[in-house]
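Hello,

Here is the structure I promised to pass on. Please open it alongside this note; my findings follow below.

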Amino acid sequence: MGFGAIERIQKPQDILIGSFTPTIPVVTPTVYMPVYAVAIESQHQTPSCGAHAGDMAKNLLETGFRGSPEYLWKEIRLLDGLTPDDGCNMLTIMQVLSSKGICSFNVLPNDTTVPNSVYADPKTLTSSMDLDASNHKIGVYAFAFNPTFQQIKDAIFTHKSVIMLLRVGSEFWTDKNGVSTWTESGILPLSPNKPITSGHFVVAYAFDANYIYFYNSWSDQWGRIGIGYFGIDYSSRCVEIGTMVNLTINKYIFTKTLRLGSTGFDVKQLQTKLGITADGIFGANTKKAVIVFQLLHYLVGDGIVGINTNKALNL
């Protein structure tokens, strides 16, 4: 099991949750229990809970999207310059999601079984990964330090997903008698009675009158299929929360005629739309992918992106 959340001191430049008051006041209900179809990406023995939490938070905001925690972790390491065995802080997660974004899982699958030095190595990133990530950025992000139980609930209802930095101990993997277990009946709701040993990032997404519910990146075998929960007695273990909103990206509109030999940004957008490597060069593989797309859309399979193919691409 891995930890990896580094606490930080609040800075004057931090934007705090609540700095921007909604036009219509938000009234938080007693119960907010949305159901999401998301995958629990396991961090295994890596200290990358920050990247996994950032990925999960983005997945909840962007319906149907499944990001790559590995991409985010490599970019975090590139930004903060820490070692592969170090954790990260909340601000770095948000800075990377804002400046670089996060690429899709199918572009870079999450392989945490490799050594930490390989998993964290930014030298393995490619331009196609970066291009894909640029379509999945966040906009504004904000924080709250030492939030109350109610403040966490308010943040969940207002912002949908909330990254929490928890001070945790063996309550995450042992029952009240000290027996190792990951079962829901053995560890949940979390108890604050065990000594603090580390920091850990998780993503809160729901609540009822008694508990706050969160996704944990240890495994879908942990707790309730990867979900944990705690009551007001454990809320003091949460020392920082972070929220975000998606960046609105203008949809690319296909208008130009493209063919074998074409190059540039328009070709990259075409390749991204087709789900192939986006190198900006219209070669044989791109032509083949265009023909497949045309035939699937009942168009002439000539490999040339003209008026009718552009119309289908823009649907």
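A nonpolar core here is a set of buried Ala, Val, Leu, Ile, Met, Phe, Trp, Tyr and Cys residues joined through side-chain atoms within 4.5 Å. Buried means under 20% relative accessible area (1.4 Å probe, protein chains only).

This is a predicted model: local features need pLDDT of at least 70, side-chain atom pairs count only at pLDDT 80 or more, and totals for chains, interfaces and linings use all residues. Residues are numbered from 1 along each chain as its sequence is written, and side-chain values use heavy atoms, without hydrogens and water.

The core comes first. The largest one has 66 residues. Touching the most other members are Ile163, Met164, Leu166, Phe172, Phe201, Phe214 and Phe230. A second, separate core has twelve residues, including Phe254 and Phe282.

Next, the strands. Helices (H or I, at least four residues) and strands (E, at least two) are DSSP runs, numbered from the N terminus. Strand S6 spans residues 238-246. Seven of its nine residues are buried, so S6 is largely enclosed by the rest of the structure. S1 (residues 138-145) runs antiparallel to S6, joined by six bridges. There, Tyr141 stands opposite Met244. S2 (residues 162-169) is also antiparallel to S6, with four bridges. Leu165 has Glu240 as its bridge partner in S6.

Last, helix H6 (residues 149-159). Its buried residues are Phe149, Ile152, Lys153, Ala155 and Ile156. Just after H6, Lys160 takes a positive phi of about 80°.

Best wishes

Key. Buried means under 20% relative accessible area, exposed over 50%, partly exposed in between (1.4 Å probe, protein chains only). Two strands pair if DSSP finds at least two bridges between them.
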